[in-house]
Amino acid sequence: MAGDILDEAPVHRRYHALNEHRRSFVEDMQLYRDALLFLPAFSFRRNTAVSLRALYSLEDFNHGPWPIFFHPTYLASLVEFWRERGITSLRLSTGITMASLALELCNNAHLYGFWPFGTHPYTGQKLNNHYYDNRRVNKRMHAMPAEFKALLNLHNKGVVHLQECTN
């Protein structure tokens, strides 16, 4: 799964929301070949147009991963599910959304990178919240500690396996 490629940072900044630079986007997506590319078309209105441009770009150039849209009803039920478990943020992170999908599709879910704090617990090394940049998470938008607590609860019940990142 190609994760949150259409979250605010990479596609809006690097590819100018696909208003231009479509070919470079498609060329970069070739790396993912037959993976699923989940597009947040219905998570927020501002994501609909760029998600459709990503779909059309991949279709036009006939390359890259398979675009998938989350159904709005699914997104609403996911928000409700996690809200009942203490996550009351404005928006679920892409990580918790993908973890949810893994729980639905896989027999075993091993999760990496959900440590919600700015430093590694053993080494004191500074940690990033995103794999693609060094920006801090928007605490008004995401509730990373609450997400971690909910996942830790599932880990303690044996539902998921939280793993430490070694790099």
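Guide: Gladly. Of the 167 residues in the protein chain, 39% are buried. Buried means under 20% relative accessible area, exposed means over 50%, and partly exposed is in between (1.4 Å probe, protein chains only). This is a predicted model, where local features need pLDDT of at least 70 and side-chain atom pairs count only at pLDDT 80 or more, while totals for chains, interfaces and linings use all residues. Residues are numbered from 1 along each chain as its sequence is written, and side-chain values use heavy atoms, leaving out hydrogens and water.

Visitor: Why is Trp82 called buried?

Guide: Its relative accessible area is 1%, and the cut-off is under 20%, so Trp82 counts as buried.

Visitor: And what makes Phe81 partly exposed?

Guide: Phe81 has 34% relative accessibility, which falls between 20% and 50%, so partly exposed is the label.

Visitor: How many aromatic pairs does a search of the whole structure find?

Guide: The search finds 5. Rings of Phe, Tyr and Trp (its six-membered ring) pair if their centres lie within 6.5 Å; planes under 30 degrees apart count as stacked, over 60 as edge-to-face and the rest as tilted.

Visitor: Why is the pair of Tyr15 and Phe25 called edge-to-face?

Guide: The ring centres are 5.3 Å apart, within 6.5 Å, and the planes stand at 80°, over 60, so Tyr15 and Phe25 form an edge-to-face pair. Both Tyr15 and Phe25 are buried.

Visitor: What makes the rings of Phe81 and Trp82 a pair, and of which kind?

Guide: Their centres are 4.9 Å apart and their planes at 85°, so this pair is edge-to-face too.

Visitor: How do you know that Arg85 lies over the face of Phe81?

Guide: Arg85 is at 3.6 Å from the ring centre. The rule asks for NZ of Lys or CZ of Arg within 6 Å of the ring centre and within 35 degrees of the ring normal.

Visitor: Why do β1 and β2 count as paired strands?

Guide: Two strands pair if DSSP finds at least two bridges between them, and 4 bridges join β1 (residues 36-39) to β2 (residues 66-69), so they qualify. The two strands run parallel, and Phe38 stands opposite Ile68 in β2. Strands (E, at least two residues) and helices (H or I, at least four) are DSSP runs, numbered from the N terminus.

Visitor: Which residues does Phe38 join in a cluster?

Guide: Ring pairs link Phe38 with Phe70 and Tyr74.
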